[in-house]
Amino acid sequence: MVFASNLGYPRIGSKRQLKHALERFWNGKGTEEELIAEGKQLRISGWRFQQEAGIDFIPSNDFSFYDHVLDTIALVGAVPKRFGWSGQTVDLNTYFLMARGMVKAASRNGRIIEAPAMEMTKWFNTNYHYIVPELEENQQ
């Protein structure tokens, strides 16, 4: 018996829905809840499309709002000190602050947080980029 599988599925959406939802959120024209809902809808539609296409083994956990390496940074709590992270769950404001630097929506006690974004570099010799982790000695 032959099975069909793939390693991942494009996360942006057939009409670039993720890009538009991110821009609305970053510009303050969309809420965090709306962004999360759009991400959920994109994942569901991707799974359905693959199922209807006859994929037997549909990948999961291949979605990201920005970057898979940044997702891992947030997952393990390797957040550089300059972002003022509290040590709890990395919220979307802190997540995007690490990726983009100053974010209008990112505030602590009503103040705008401004910090240099983490470095972004190319994946090998491609046009794909990822956030470079900043690891330091004795980091928790």
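Me: How do the residues lining the largest cavity divide by class?
Reply: The lining of the largest cavity has 6 nonpolar, 2 polar and 3 charged residues. Here Ala, Val, Leu, Ile, Met, Phe, Trp, Tyr, Cys and Pro count as nonpolar, Asp, Glu, Lys and Arg as charged, and the others, Gly among them, as polar. The model is predicted: local features need pLDDT of at least 70, side-chain atom pairs count only at pLDDT 80 or more, and totals for chains, interfaces and linings use all residues. Residues are numbered from 1 along each chain as its sequence is written, and side-chain values use heavy atoms, without hydrogens and water.

Me: Which residues line the largest cavity?
Reply: They are Tyr-9, Pro-10, Arg-11, Leu-42, Arg-43, Gly-46, Trp-47, Gln-50, Pro-59, Asp-62 and Phe-63. On a 1 Å grid over the protein atoms alone, a cavity is a set of points where a 1.4 Å probe fits but cannot get out; a pocket is an open set with protein on both sides within 12 Å along at least five of seven lines; lining residues have an atom within 4 Å of a point.

Me: How many cavities are there, and what volume has the largest?
Reply: The structure contains 1 cavity of 30 Å³ or more. The volume of the largest cavity is about 90 Å³, counted as the space filled by probe spheres set on grid points joined across faces, edges and corners.

Me: Turning to pockets, what is the volume of the largest?
Reply: The largest pocket has about 700 Å³. Of its 22 lining residues, Arg-11, Tyr-66, Asp-67, His-68 and Tyr-128 are the closest to its centre.

Me: Which element gives the most to that lining?
Reply: Helix H1 gives the most to the lining of the largest pocket, 5 residues. Helices (H or I, at least four residues) and strands (E, at least two) are DSSP runs, numbered from the N terminus.

Me: And the makeup by class?
Reply: The lining of the largest pocket has 13 nonpolar, 4 polar and 5 charged residues.

Me: What about the second largest pocket?
Reply: The second largest pocket holds about 340 Å³ of space. It has 14 lining residues, of which Phe-63, Phe-65, Asp-71, Leu-92 and Tyr-95 are the closest to its centre. Helices H2 (32–52), H3 and H4 each supply at least two lining residues of this pocket, and H3 has the largest share, 3 residues. By class, this lining divides into 8 nonpolar, 2 polar and 4 charged residues.

Me: Where do H3 and H4 meet?
Reply: Leu-70, Asp-71, Ile-73 and Ala-74 in H3 meet Tyr-95, Met-98 and Ala-99 in H4, with contact meaning heavy atoms within 4.5 Å. The residues of this contact comprise 6 nonpolar, no polar and 1 charged.
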